[in-house]
Amino acid sequence: MIPRDTASDRQVTEPDPPISIPQTRIINEERERPQQRGHGVSVKALNAYYGDNRTIKNISIEFPASEVTAIIGPSGSGKSTVIRCINRMHEEIPRARADGRVELDGTDVYDSRVDVTHVRRLIGMVFQKPNPFPTMSIFDNVASGLKLTGMRKRGLRDRVNQALRSVGLWDEVHDRLGTPGVALSGGQQQRLCIARTIAVEPEVILMDEPCSALDPVATLRIEELIGELKERYTIVIVTHNMQQAARVADTTAFMLDGELIEHGPTAQIFTKPRDERTERYVTGKFG
Amino acid sequence: MGAVSPETSPLLAVAPRDRRRRVVNRIMEVVASIAALAAVALLLLVIGSVVVKGISALSFSFITQNPAPFGQPGGGIANSIVGTAELVGIASLIAIPIGILIGIYTAEFAPSWIGNSVRFSLDILNGVPTIVTGVFIFGLLVVGSQQSGWAGSVALAIVMLPIVARSAQEVLALVPRSLHEAALALGLKRWRVVLRIVIPTAAGGLVTGAVLGIARVAGETAPLLFTSSVFSNLGITTSPSQALPNIPVTIFTLSESPSPTDHARAWAAALILIFMVLVLNIVARTFHDRSRRRLRG
């Protein structure tokens with residue numbers, strides 16, 4: 001499988017009208033949204049700890065706007081922890097903390113003036129196991145992140161329908177939006193969770209092994225979706241599956257024992273890695 | 001290949017030790033089954049004897065009429081049923097919100113050592129003999145004042161609180177971590193996560209705990225002996241600032257009476273009480289099952 005180098009060679013077959021994007025976004029203060037869609041994330045000298053145990057060791061990495069970056073590495077190498085530091089979910093774990101900078105478009109998400117809920121609205125997250133809210137219908141699941149902004153009924157419905165279209169669920173579920181989200185198949189549930197994430201219109205989507213609980217067909221569907229979504233969002237995907245990284249990612253980062261070993265264009269990481277450890281991992285000699 | 005004949009198969013070889021093991025196994029199984037059956041039998045025996053002894057005095061008018069004046073035949077326990085409903089209702093209004101809030105605090109907000117201490121304290125509170133709770137409230141609210149429905153309700157609320165709070169803690173802890181994470185990752189604030197995700201998901205279990213608490217205190221007698229047991233009013237008492245007649249104390253008083261008809265009436269009152277508790281338990285069970293299914297998702 002030869003990975004793609006650039007985003008431009010992908011044919012965009014988007015049948016839906018483009019999602020309406022608000023003119024301003026709020027992090028600290030209102031500001032103009034630049035023409036370019038999506039914002040990059042840069043991680044600078046990040047350390048993360050569980051109690052006294054330092055599990056992320058001084059990582060610096062750029063996640064360019066509107067690109068897909070894959071993070072690969074063996075279990076326990078700190079891949080998930082890194083992305084959980086980006087939307088500050090890491091600190092939800094008791095005794096866990098992080099230091100360093102994670103900048104979204106120049107603003108440090110750890111700045112004391114930054115509200116953590118804003119960080120998470122701008123940097124969405126999709127989890128390993130599909131986790132729709134069991135008490136909610138399909139519609140309410142997608143609307144769950146929007147309702148707290150006081151969005152009105154009409155706007156809410158449009159946004160939910162739009163999000164369902166973007167993940168290709170609309171045709172499958174439009175006639176049963178009131179049924180429970182947990183009644184869907186695993187792959188559909190995961191796409192529902194992606195719809196829930198993009199409904200709040202984030203800049204960045206973090207995906208923590210989003211296909212590891214899915215069958216190959218559902219996996220393929222999600223991978224196609226990632227290719228479509230990167231036009232609008234910056235995507236960081238943690239994966240155990242190297243073929244998946246090769247298929248979806250523009251750049252790939254290899255982590256080992258909490259350190260970033262190598263980061264470069266996906267083709268280079270898989271064909272001409274610079275570091276011997278990367279080579280051993282991608283050729284299946286360990287991990 | 002099939003060279004092993006059925007008779008020589010090592011699967012069929014029986015050593016003497018194996019035989020002994022089988023016998024011990026069988027005996028243990030029988031003893032354990034008898035113990036389990038004894039519990040069921042005991043329940044049936046208690047309910048059965050109450051039914052047999054109480055059914056004769058039970059009638060529609062027994063439920064709908066107030067007690068007859070002293071020395072006259074007839075009359076019912078309507079005033080006690082209403083009083084018990086008032087006492088338990090007020091106790092529930094106090095204990096259920098506080099109990100659920102305790103559960104939310106320890107499951108969602110408290111650091112684990114505080115959660116553990118609260119849990120331990122609730123277990124101790126649950127173990128306090130209810131007569132002690134009664135005496136405590138007697139000293140606090142009755143001495144210098146008088147017996148009242150309020151005092152009785154507060155005493156019952158103290159008995160109820162640990163039951164509601166502990167079951168709320170347990171059921172809230174069952175709400176999967178992944179749902180919290182999903183909600184937090186959408187940028188929901190913590191209290192919104194609790195209100196919109198955690199509580200709806202755990203609702204069935206919270207109701208179960210509350211109903212079990214109600215069922216437990218509906219029959220409590222000791223906390224009421226000091227706080228709401230001296231009532232001369234034979235009619236329905238609506239104001240909780242007076243002592244409220246109630247079923248458990250009525251059973252106690254009737255059973256102390258020398259008159260055999262009063263004894264029969266005590267059994268009938270007990271039958272009503274046990275029926276109420278049974279219904280509450282079945283309601284709790286239904287919510288429990290529903291909530292389990294939902295949490296397993």
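At what angle do helix α7 of chain B and helix α8 of chain B pack, and how far apart are their axes? In this predicted model, α7 (residues 177–185) and α8 (residues 190–218) of chain B pack at about 155°, and their axes are 10 Å apart. Angles over 145 degrees count as roughly antiparallel, so α7(B) is roughly antiparallel to α8(B). The crossing of the two helices is right-handed.

**The helix pair in chain B**

On the α7(B) side, the contact is made by B:Leu179, B:His180, B:Ala183 and B:Leu184. On the α8(B) side, B:Val193, B:Ile197 and B:Thr201 take part. Sorted by class, this contact of α7(B) with α8(B) has five nonpolar and two polar residues, and no charged residues. An α-helix has 3.6 residues a turn, so residues three or four places apart point the same way.

**Surroundings of α7(B)**

Which residues of α7(B) are buried? They are B:Leu179, B:Ala182, B:Ala183, B:Leu184 and B:Ala185. The buried residues of α7(B) pack against α8 of chain B, and also against α2 and β8 of chain A. After α7(B) comes B:Gly187, which has a positive phi, near 90°.

**The interface between chains A and B**

The contact between the chains involves 22 residues of chain A and 17 residues of chain B. In chain A, α2 (116–122) and β8 (123–126) each supply at least two residues of the side that touches chain B. Of the elements of chain A, α2(A) gives the most to this side, with four residues. The classes on the side of chain A that touches chain B are nine nonpolar, eight polar and five charged residues. The elements α2 and β8 of chain A are also those against which the buried residues of α7(B) pack.

**Domains of chain B**

The domain assignment divides chain B into domain 1 (16–54) and domain 2 (60–296). Their centres, taken over C-alpha atoms, are separated by 32 Å. Five residues of domain 1 of chain B are in contact with five residues of domain 2 of chain B. On the domain 1 side of that contact there are three nonpolar, one polar and one charged residues.

| α7(B) with α8(B) | five residues | two residues | no residues |

Key. Residues are numbered from 1 along each chain as its sequence is written. Chains are lettered from A and ligands numbered from 1 in the order in which they are written. This is a predicted model: local features need pLDDT of at least 70, side-chain atom pairs count only at pLDDT 80 or more; totals for chains, interfaces and linings use all residues. Two residues are in contact if their C-beta atoms, placed from the backbone, lie within 7 Å. Ala, Val, Leu, Ile, Met, Phe, Trp, Tyr, Cys and Pro count as nonpolar, Asp, Glu, Lys and Arg as charged, and the others, Gly among them, as polar. Axes are lines fitted to C-alpha atoms, for helices over the stretch in contact, and angles run from 0 to 180 degrees between N-to-C directions. Angles under 35 degrees count as roughly parallel, over 145 as roughly antiparallel, 65 to 115 as roughly perpendicular and the rest as oblique. A crossing is left-handed if the near helix is turned anticlockwise from the far one by less than a right angle, and right-handed if clockwise. A residue is buried if 20 or more other C-beta atoms lie within 10 Å of its own, exposed if 12 or fewer, and partly exposed in between; C-beta atoms are placed from the backbone. Domain bounds come from an automatic or database domain assignment.
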